[in-house]
Amino acid sequence: SSGINAEYGGREEYVVTKLLSSGVEKASQNCNFSNCNIRFRGSELFHFHVTVVSDTVCTYETEFLVYVVDVPLTTTLYNIITVTVGFSVLLIILAFYISSKSSEDKSPAKADVSTSSVTSDPSVVD
């Protein structure tokens, strides 16, 4: 049957999917190549062996290489990173707020100096 027979490096960080008529993708090693996708979860070099069986007498076999750079993050990992960064920023803001409150509490209290009239008695000598 037609499909990707093997990845020569023995790597398993890929999924071959085929698009069903309902629009849903299903994992499958054997698929018609007009509706077949390869989704990579790893990076670097992949070396595939492919067999295409047609309605004719011959079977076509070939190999192809794919070099994957910068695999996109999965949605779950992206969400974890977003929440972690947001929580860290919140903690930093909270630390600055607590630090500023504690420095205000340690500052000396301002004395309430009221101006009162002082009468001097000329008979009192220092």
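Phe48 is buried, with a relative accessible area of 0%, and in this predicted model Phe48 is also one of the eight residues that make up the largest nonpolar core. The protein has 126 residues, of which 13% count as buried. There are one helix and six strands in the protein, and along the sequence they follow the pattern β-β-β-β-β-β-α.

**The nonpolar core**

- The largest nonpolar core is made up of eight residues in all, namely Ile4, Tyr14, Val16, Cys36, Phe46, Phe48, Val50 and Val68.
- Two elements, β2 (14-19) and β5 (44-53), each give two or more residues to this core, and it is β5 that gives the most, with three residues.
- Phe46, another member of this core, is buried because its relative accessible area is 0%, and the cut-off for buried is under 20%.

**Aromatic rings**

- The count of aromatic pairs in the structure comes to four.
- In one of these pairs, the rings of Phe46 and Phe48 have their centres 6.1 Å apart and their planes at 5°, and the pair is therefore stacked, since planes under 30 degrees apart count as stacked.
- Phe46 and Phe48 also belong to one aromatic cluster, which they form together with Phe40 and Phe64.

**Charged side chains**

- The ring of Phe46 has a charged neighbour as well, for the charged end of Arg11 sits over this ring, 4.0 Å from its centre.
- Arg11 also takes part in a salt bridge, in which its side chain meets that of Glu13 at 2.9 Å, N to O, and a search of the whole structure finds one salt bridge.
- Glu13, the partner of Arg11 in that salt bridge, counts as partly exposed because its relative accessibility is 33%, which lies between the cut-offs of 20% for buried and 50% for exposed.

- Asn5 is found in strand β1 (residues 3-7), and although Asn5 and Phe48 are 43 residues apart in sequence, they are 7.5 Å apart in space, C-alpha to C-alpha.
- While Phe48 is buried, with a relative accessible area of 0%, Asn5 counts as partly exposed, at 41% relative accessibility.
- Tyr8 is found in the loop between β1 and β2, where this residue is partly exposed, with a relative accessible area of 44%.
- Tyr8 and His49 are 41 residues apart in sequence, and the distance between them in space is 7.3 Å, C-alpha to C-alpha.
- Val15 is found in strand β2 and is partly exposed, with a relative accessible area of 25%.
- Val15 and Arg39 are 24 residues apart in sequence, but in space they are 5.2 Å apart, again from C-alpha to C-alpha.

- Glu44 is partly exposed, with a relative accessible area of 43%, whereas Phe46, which is buried, has a relative accessible area of 0%.

- Pro72 has its place in the loop between β6 (59-68) and α1 (75-106), and Pro72 counts as exposed because its relative accessibility is 67%, and the cut-off for exposed is over 50%.
- Pro72 and Arg41 are 31 residues apart in sequence, while in space they are 8.1 Å apart, C-alpha to C-alpha.
- A nonpolar patch on the surface is formed by Leu73, Leu77, Tyr78, Ile80, Ile81, Val85, Val89 and Ile93, which together have about 750 Å² of accessible area.
- Tyr78, one of the residues of this patch, is found in helix α1.

Key
Residues are numbered from 1 along each chain as its sequence is written. This is a predicted model: local features need pLDDT of at least 70, side-chain atom pairs count only at pLDDT 80 or more; totals for chains, interfaces and linings use all residues. Side-chain values use heavy atoms; hydrogens and water are left out. Helices (H or I, at least four residues) and strands (E, at least two) are DSSP runs, numbered from the N terminus. Buried means under 20% relative accessible area, exposed over 50%, partly exposed in between (1.4 Å probe, protein chains only). A salt bridge is a side-chain nitrogen of Lys or Arg within 4 Å of a carboxyl oxygen of Asp or Glu. Patches are made of residues with over 30% relative accessible area and no salt bridge: like charges are joined within 9 Å, nonpolar side chains (Val, Leu, Ile, Met, Phe, Trp, Tyr) within 5 Å. Accessible areas come from the Shrake-Rupley method with a 1.4 Å probe; for residues, only the protein chains shown count as cover. Rings of Phe, Tyr and Trp (its six-membered ring) pair if their centres lie within 6.5 Å; planes under 30 degrees apart count as stacked, over 60 as edge-to-face and the rest as tilted. A charge sits over a ring if NZ of Lys or CZ of Arg is within 6 Å of the ring centre and within 35 degrees of the ring normal. A nonpolar core is a set of buried Ala, Val, Leu, Ile, Met, Phe, Trp, Tyr and Cys residues joined through side-chain atoms within 4.5 Å.
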